[in-house]
Amino acid sequence: MIKKLCAGLLLATACLAGAHAQVVPPPVTAKAWMLLDATSGQEIASFNADTRVEPASLTKVMTAYLVFQALREGRLSAQQQVTVSTRAWKVAPGSSKMFLEPGKRVSVNDLLYGLLVQSGNDAAIALAEAVSGSVEAFVQRMNQQAVAMGLPDTHFASPHGLPDPGTYSTARDLSMLAQRLVRDYPDLYKTYDSVRTYTYNNISQPNRNRLLWLDPSVDGLKTGHTEAAGYCLIASAERPDGQARRRLISVVMGTASDKLRTEESRVLLNWGFQGFKTIKLYAKGETMDSPEVWKGERESVRIGMARDAYITVPVAAQVKPVLTSRQPLLAPIAVQDQVGELQVLVDGKPAMQWPVIALDAVPQAGLAGRAWDSVRLWWRQHMG
């Protein structure tokens, strides 16, 4: 039995694989790139998004994630003092640093600014040692976290991302990693990633993410550069979208210059915000329908989504959600049992599908109730 949602949910809005093909992205010279709607979790457009590339200092996004995790879990504190090791001090002469001095004590707070604003490779080493006791143990944790996040084409050999054949990722994996950083640690992300300039040891260094000066909606995220990797940038921006706010994440890998990675990231973000829109179909736990239940202590059950359901589509697209509840629904039904599907049609074509769950439990009826419903059900199915 298919139950169509009311005509009021016929929405003009935007996104998805099939619909995306009709919206041509702007020209981008990067070796690989991806634009992700972080609100819906959907890809808007990409090029070579699954090609393994050197992430350079974009590696530090995972380093930051694990440090944020340690702060949240109480294994570190922002004011905790870390003694700078010789290994941290000596890392890659000539590379980006916050200019730590061996044997000096530095707060985790300063080290995070050094990591994310100044892109300090020395800060990455010091933080890795503070979290896990050694760089090697921290790198193992980085790779375990990559597996747990479902990043199949990502591997790390260091917490800083200096050239190493054991460090690689993809534009798609990096967009997912960035999404998790912003989603899982929003307060810490905004504390550190959006800072334009930071001074440590009387040395002021600007954030290499030039979009922080050019676009007020951009609040992060991280730059990277080596000769082999080219110029790379993960940019994250949040803008008003009706009464809510919407976040896009762009990943641009391997451009020829700092200027190009900045401009191409800005072009992609503007294109994504202007050409696409994200709509919220249902909130987690919202009652979508109350279909009939057979052989249960209750005659119906409330059904809905296990999580917020968003969809991103081109602005000219028409979106129609169609709810299908499984019939007959037989008790017992437990909370979160799947009892149907929500399919979304974009311009009349199937685009996405979510499971629909029971929001309430319906215990099985007694023997007499079950027998009576068996008779009623047989009559309905066979006699109409």
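Modeller: Start with D184, in helix α7 (residues 171–184). Keep in mind that this is a predicted model.

Colleague: Why is D184 called buried?

Modeller: Its relative accessibility is 18%. Buried means under 20%. The value falls under the cut-off, so D184 counts as buried.

Colleague: What makes the pair D184 and Y65 a polar contact?

Modeller: Their side chains are joined at 2.6 Å. The limit for such a pair of N or O atoms is 3.5 Å. Leaving aside neighbours within four places in sequence, D184 is in contact with Y65 and R72.

Colleague: Now E292. Where is E292 in the chain?

Modeller: E292 is in the loop between β12 (276–282) and β13 (293–294). Its C-alpha atom is 6.9 Å from that of L329, although the two are 37 residues apart along the chain.

Colleague: Why is E292 called partly exposed?

Modeller: Its relative accessible area is 28%. Buried needs under 20%, and exposed needs over 50%. E292 lies in between, so it is partly exposed.

Colleague: On to charges. How do you know that E73 and R75 form a salt bridge?

Modeller: Their closest N and O atoms are 2.9 Å apart. The cut-off is 4 Å, so the pair qualifies. R75 has 33% relative accessibility and therefore counts as partly exposed. The structure holds 20 salt bridges.

Colleague: What makes K190 and E238 a salt bridge?

Modeller: The N to O distance is 3.7 Å. That is within 4 Å, so the pair counts. The two residues sit in distant parts of the chain, 48 residues apart: K190 is in helix α8 (residues 186–192), E238 in strand β10. K190 is partly exposed, at 42% relative accessibility. Both residues also belong to a network of salt bridges with D219, R245 and R247.

Colleague: And how do you know that K280 and D308 form a salt bridge?

Modeller: N to O is 3.7 Å, and the limit is 4 Å. This pair links strand β12, which holds K280, to the loop between β14 (303–304) and β15 (309–314), which holds D308. They are 28 residues apart.

Colleague: Why are K280 and D308 called partly exposed?

Modeller: K280 has 44% relative accessibility. D308 has 29%.

Colleague: Let us turn to strands. How do you know that β12 and β15 pair?

Modeller: They share six bridges, in the antiparallel sense. Two bridges are enough for pairing, so β12 and β15 pass. In one of these, I279 is the bridge partner of I311 in β15.

Colleague: What makes β15 mostly covered?

Modeller: Five of its six residues are buried.

Colleague: Why are β4 and β9 called edge strands?

Modeller: They belong to an open sheet with the order β4-β3-β11-β10-β9 and antiparallel pairing. β4 (42–47) and β9 (218–226) each have a single partner strand, so one side of each has no neighbour in the sheet. The twist averages 10° from one strand to the next.

Colleague: How do you know that β3 and β4 pair?

Modeller: Strand β3 (residues 32–37) and β4 have five antiparallel bridges. At least two are needed, so they pair. M34 stands opposite S46 in β4. Helix α10 (residues 258–275) lies across this sheet's strands β3, β4, β9, β10 (230–241) and β11 (244–255), at about 145° to β11.

Colleague: Last topic: the nonpolar cores. Which residues have the most contacts inside the largest one?

Modeller: They are M62, F68, L111, L112, I234 and M253, in a core of 67 residues. Helix α2 (residues 60–73) gives the largest share, nine residues. A second, separate core has 25 residues, including I303, A309, L342 and V356.

Colleague: What does M253 touch?

Modeller: Among its contacts beyond four places in sequence are A30, V53, L58, L174 and Y231.

Colleague: And how much of the chain counts as buried?

Modeller: The figure is 53% of the 384 residues.

Notes: Residues are numbered from 1 along each chain as its sequence is written. This is a predicted model: local features need pLDDT of at least 70, side-chain atom pairs count only at pLDDT 80 or more; totals for chains, interfaces and linings use all residues. Side-chain values use heavy atoms; hydrogens and water are left out. Helices (H or I, at least four residues) and strands (E, at least two) are DSSP runs, numbered from the N terminus. Buried means under 20% relative accessible area, exposed over 50%, partly exposed in between (1.4 Å probe, protein chains only). A nonpolar core is a set of buried Ala, Val, Leu, Ile, Met, Phe, Trp, Tyr and Cys residues joined through side-chain atoms within 4.5 Å. Contact means heavy atoms within 4.5 Å. A polar contact is a pair of N or O atoms within 3.5 Å; within protein, one must be able to donate a hydrogen and the other to accept it, and residues adjacent in sequence count only if both atoms are side-chain atoms. Axes are lines fitted to C-alpha atoms, for helices over the stretch in contact, and angles run from 0 to 180 degrees between N-to-C directions. A salt bridge is a side-chain nitrogen of Lys or Arg within 4 Å of a carboxyl oxygen of Asp or Glu.
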